[in-house]
Amino acid sequence: MNYDFDFAPVFARWPDLLSGAWVTLQLSFGAMAIGLVVAVLGVWGRTAGPKPLQWLIAAYVEIIRNTPFIVQIFFIFFGLPSLGIRFSPNAAALVALVINVTAYAIEILRAGIEAIPKGQTEAGTALAMSRLQIFRHVVFMPALRTVYPALTSQFIFLFLSTSVVSVISANDLTATGNDINAQTFASFEIYLVITVIYLVMSLGFSALFATIHRIAFSYPLSR
């Protein structure tokens with residue numbers, strides 16, 4: 001093998017890589033936060049809403065979970081402009097990520113909620129708890145504790161899926177790496193460095209989620 005490894009052109013563009021990594025983190029955190037809020041509303045509609053709303057949410061979940069993520073991105077970025085709805089590349093990436101992760105989070109949360117015995121909600125009613133108190137203390141928090149590992153795994157998968165948004169020119173880490181590779185032709189070096197950056201950020205997410213789990217779920221369910 002006569003290939004001469006040269007990381008100098010890659011490290012010379014380190015500020016660009018950091019900028020791309022920052023965009024990736026923004027997209028990931030934004031999609032996670034918005035997706036979780038929408039998923040909580042969606043799982044309420046899926047489990048306790050009127051029948052038409054339940055059917056609508058169920059259809060949305062099935063459509064998103066059974067179509068490729070890249071097709072969803074293309075539809076939002078290239079298809080919606082035909083209807084007069086246009087997004088910038090980064091905005092389209094965020095919308096696609098939110099729509100995608102929300103569908104999966106709804107199903108994960110629904111599985112946790114349906115695992116709660118009905119006797120617990122009946123006990124909450126007998127104790128004169130409000131519907132909000134029952135949902136928060138008796139249903140949602142125990143369900144969230146149960147599905148937390150699956151939910152965080154889905155969030156990490158979402159973070160890794162952000163690399164796909166480079167296909168619509170969103171300036172994330174992968175797109176930045178592609179640009180550097182086109183200018184330097186240091187394919188091995190640039191994609192090795194990007195791999196390491198993704199690995200470090202993924203492990204960072206895992207550590208963050210583990211810390212949140214220890215803090216948020218360290219108290220007994222009866223509190």
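Rings of Phe, Tyr and Trp (its six-membered ring) pair if their centres lie within 6.5 Å; planes under 30 degrees apart count as stacked, over 60 as edge-to-face and the rest as tilted. The model is predicted: local features need pLDDT of at least 70, side-chain atom pairs count only at pLDDT 80 or more, and totals for chains, interfaces and linings use all residues. Residues are numbered from 1 along each chain as its sequence is written, and side-chain values use heavy atoms, with hydrogens and water left out.

**Exercise 1. Count the aromatic pairs by this rule, then describe the pair of Phe 74 and Phe 78.**

Step 1. The count is 10 aromatic pairs.
Step 2. Phe 74 and Phe 78 make a tilted pair, with 5.6 Å centre to centre and 50 degrees between the planes.
Step 3. Both sit in helix α4 (residues 69–79), and being four residues apart there, they are separated by about one helical turn. Helices are DSSP runs (H or I, at least four residues), numbered from the N terminus.
Step 4. Phe 74 is partly exposed, because its relative accessibility is 33%. Phe 78 is partly exposed too, at 49%. The cut-offs: buried is under 20% relative accessible area, exposed over 50%, partly exposed in between (1.4 Å probe, protein chains only).

**Exercise 2. Find the number of salt bridges and trace the network around Arg 46.**

Step 1. The whole structure has five salt bridges. Each needs a side-chain nitrogen of Lys or Arg within 4 Å of a carboxyl oxygen of Asp or Glu.
Step 2. Arg 46 bridges to Glu 107, with the closest N and O atoms 2.6 Å apart. Arg 46 is in helix α2 (residues 14–48) and Glu 107 in helix α5 (residues 89–114), 61 residues apart. Both residues are buried.
Step 3. Glu 114 bridges to Arg 110 at 3.0 Å between the closest N and O atoms. Glu 114 is exposed at 53%, whereas Arg 110 is buried at 19%.
Step 4. Salt bridges link Arg 46, Arg 65, Glu 107, Arg 110 and Glu 114 in a network.

Terms used
Helix = DSSP H or I, 4+ residues; strand = E, 2+ residues; numbered from the N terminus.
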